Amino acid sequence: MKVSWAIASAAWACSVGYADTLTLLGTSGEWHDLKAWDAGRVPTQLDDVVIPAGAVCTVEPLGLATARAVHVEATGELILNQETLVLGSDDPDVDVDCWID
C-alpha cells in the first residue's frame with residue numbers, strides 16, 4: 001500500500017518538546033539516506049524534520065522512520081511506501097500537538 005501526503009496550500013506539522021531540526025536537501029531524497037539531510041544523518045525521534053516547499057521525501061521499506069515532528073511545507077510531499085512514520089515521544093507525560101497552517 002502506498003500512502004502519499006501532498007500538501008498544496010497548507011503547511012502541516014506535529015511536534016512535542018525540544019529537538020534539532022533536520023531539513024531535506026535538494027528537491028528529492030530518501031528518508032534513510034544520511035546524504036539527504038542537512039545534518040548529514042538520518043532523523044531520530046528527537047529531531048524535527050522539515051520537507052521544504054517543492055521537495056519530495058520518500059520513506060522506503062527499511063524499518064521505522066522516526067521523528068519528533070515533521071513539517072511539510074506547502075507543495076512539499078512526504079511519501080510513505082508500505083512504511084510507518086512514528087511521531088512524538090514514548091514518554092506518556094509529553095504532550096503531542098498537531099496542526100495545519
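What is the mean pLDDT of the protein chain, and what share of its residues reach 70 or more? The mean is 74, and 61% of the residues reach 70 or more; pLDDT is the predictor's confidence in each residue, from 0 to 100. Over residues 1–11 the pLDDT is below 50, although this stretch has 39 contacts in the model beyond near neighbours in sequence (contact means heavy atoms within 4.5 Å). Residues 95–101 also have a pLDDT below 50, with 21 contacts beyond near neighbours in sequence.

This is a predicted model, in which local features need pLDDT of at least 70 and side-chain atom pairs count only at pLDDT 80 or more, while totals for chains, interfaces and linings use all residues. Residues are numbered from 1 along each chain as its sequence is written, and side-chain values use heavy atoms, with hydrogens and water left out.

Turning to the fold, the protein chain has zero helices and eleven strands; both are DSSP runs numbered from the N terminus, helices being H or I with at least four residues and strands E with at least two. Of the contacts with a separation of 6 or more, 53% link residues 24 or more positions apart. Buried residues make up 41% of the 101 residues (buried means under 20% relative accessible area, exposed over 50%, partly exposed in between, with a 1.4 Å probe and protein chains only).

What lies inside? In soluble globular proteins, nonpolar side chains tend to be buried together. Here the largest nonpolar core has 17 residues, and Trp31, Trp37, Ile51, Val70 and Leu78 have the most contacts inside it. Strands β5, β6 (56–59), β7 (65–67), β8 (69–72) and β9 (77–81) each give two or more residues to this core. Such a core is a set of buried Ala, Val, Leu, Ile, Met, Phe, Trp, Tyr and Cys residues joined through side-chain atoms within 4.5 Å.

Together, Trp31 and Trp37 form an edge-to-face aromatic pair, 5.5 Å centre to centre with 75 degrees between the planes (rings of Phe, Tyr and Trp, its six-membered ring, pair if their centres lie within 6.5 Å; planes under 30 degrees apart count as stacked, over 60 as edge-to-face and the rest as tilted).
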